[in-house]
Amino acid sequence: MNAAVASNTESVQVTPLSAFIGAEISGVDLTQPLDTHQIAQIRAALLKWRVIFFREQFLTHAQHVAFSAQFGELTLGHPVFGHVDGHPEIYSISKYRKATRFEGQALLRPWTGWHTDVTAAVNPPFASILRGVTIPPYGGDTQWTSLVAAYEKLSTPLRDFVDGLRGVHKFTPPAGASATSAFEKAVQQRALVTEHPLVRVHPETGERALYVSPSFLKHIVGVTPRESQAILELLWEHVTRPEFTVRFKWEPGSIAFWDNRSTAHLAPSDIFDLEFDRQLYRTTLVGDVPAGPDGRASVALEGSPVNAAAAVALN
Ligand code: SIN
């Protein structure tokens, strides 16, 4: 078939994977432009299921960018850690990019490693689209959790309490990373620190999400350090409860597309105990500035907003 005239006329099927989060999408070829109905169906599935998965979509970097651009403006690959040479919108997620991060095993808690992408920025990307290329035969699964389900399953008094709180998010080196590591140098060169509400109102659905990205949220504003730590540990334990999560087994050609306004996710750590390689590529879509139930927006304490890659290229 001539790619220039290929069309994408299949109808999108949505198969849910758990009670609160995750659905597999089939009946669509992501190497081709989508029609407006397919875009609307995929977007509706993303809002409802928060992370959606596609199988057997063997995209090039250019096709990955083209697919992503149908849902929003792309950011540069990563505001701190850069991008793939020649592909400003693509961020490489390779097994060894942060190989030092588990040296601090003693500091691990069940929520260690869970995060929402780039919440140290005042406008974290609204969505991320991750494409599997080299996948281990076993191990290397990714998990996502619904921050909306987590919020809704808090007791009413606790919901009322967290509704008014705000927290400071920043990038810090992983436990055990040396002061001279490439990770730390990158973080120092591009400091990003933001105060976000602890409860974020989703701009499209109006739902409230417990916006507590465990790896980046460092403390709650206006309370003592001990109070902050105790409250955060309670909330982090809560958001990572298995019933709010879905676990995805990657294959080459798999794609995960998630809403960062209502989810957190956990990259696998078992890959460091396996000899297999693992290589994925990610794009992210420019997000808005979060607001809490009281309408107060997030405030950048250090660093500038994450702009569209196209805008950055013009500067
Ligand atoms: C990510 O945190 O965006 C990557 C997740 C993964 O490597 O599975």
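Colleague: In what order do the seven strands of that open sheet come?
Modeller: The order is β1-β2-β3-β14-β6-β16-β4, and the pairing is mixed. Strands are DSSP runs of E with at least two residues, helices are runs of H or I with at least four, both numbered from the N terminus. Two strands pair if DSSP finds at least two bridges between them. Bear in mind that this is a predicted model, where local features need pLDDT of at least 70 and side-chain atom pairs 80 or more, while totals for chains, interfaces and linings use all residues. Numbering starts from 1 along each chain as its sequence is written, and side-chain values use heavy atoms, with hydrogens and water left out.

Colleague: Why is one side of β1 and of β4 left without a neighbour in the sheet?
Modeller: β1 (13–16) and β4 (91–94) stand at the edges with a single partner strand each, so one side of each has no neighbour there. On average, neighbouring strands of this sheet are turned by 25 degrees against each other, direction ignored.

Colleague: How many bridges link β4 to β16?
Modeller: Four, with β4 and β16 (residues 279–285) pairing in the antiparallel sense. Y91 has R282 in β16 as its bridge partner.

Colleague: Which strands does helix α1 touch?
Modeller: Helix α1 (residues 36–49) touches β1, β2 (23–26), β3 (51–54) and β14 (255–259) as it packs on the sheet. Contact here means heavy atoms within 4.5 Å. The direction of α1 makes about 130 degrees with that of β3; axes are lines fitted to C-alpha atoms, for helices over the stretch in contact, and angles between N-to-C directions run from 0 to 180 degrees.

Colleague: And what about helix α2?
Modeller: Helix α2 (residues 61–69) packs on the sheet too, touching β3, β6 (127–134), β14 and β16, and its direction makes about 30 degrees with that of β16.

Colleague: New topic: which residues surround the ligand?
Modeller: Among them are I93, D117, L130, T142, W258 and R282, each with a heavy atom within 4 Å of the ligand. H115 has a side-chain N or O atom 3.1 Å from a ligand oxygen. For H265 that distance is 3.0 Å, and for R278 it is 2.8 Å.

Colleague: What about the four strands in the other open sheet?
Modeller: Those run β12-β8-β9-β17 with antiparallel pairing. The edge strands, β12 (217–220) and β17 (299–302), each pair on one side only. β8 (residues 166–170) and β12 share three bridges in the antiparallel sense, and H169 stands opposite L217 in β12.

Definitions and conventions: A polar contact is a pair of N or O atoms within 3.5 Å; within protein, one must be able to donate a hydrogen and the other to accept it, and residues adjacent in sequence count only if both atoms are side-chain atoms.
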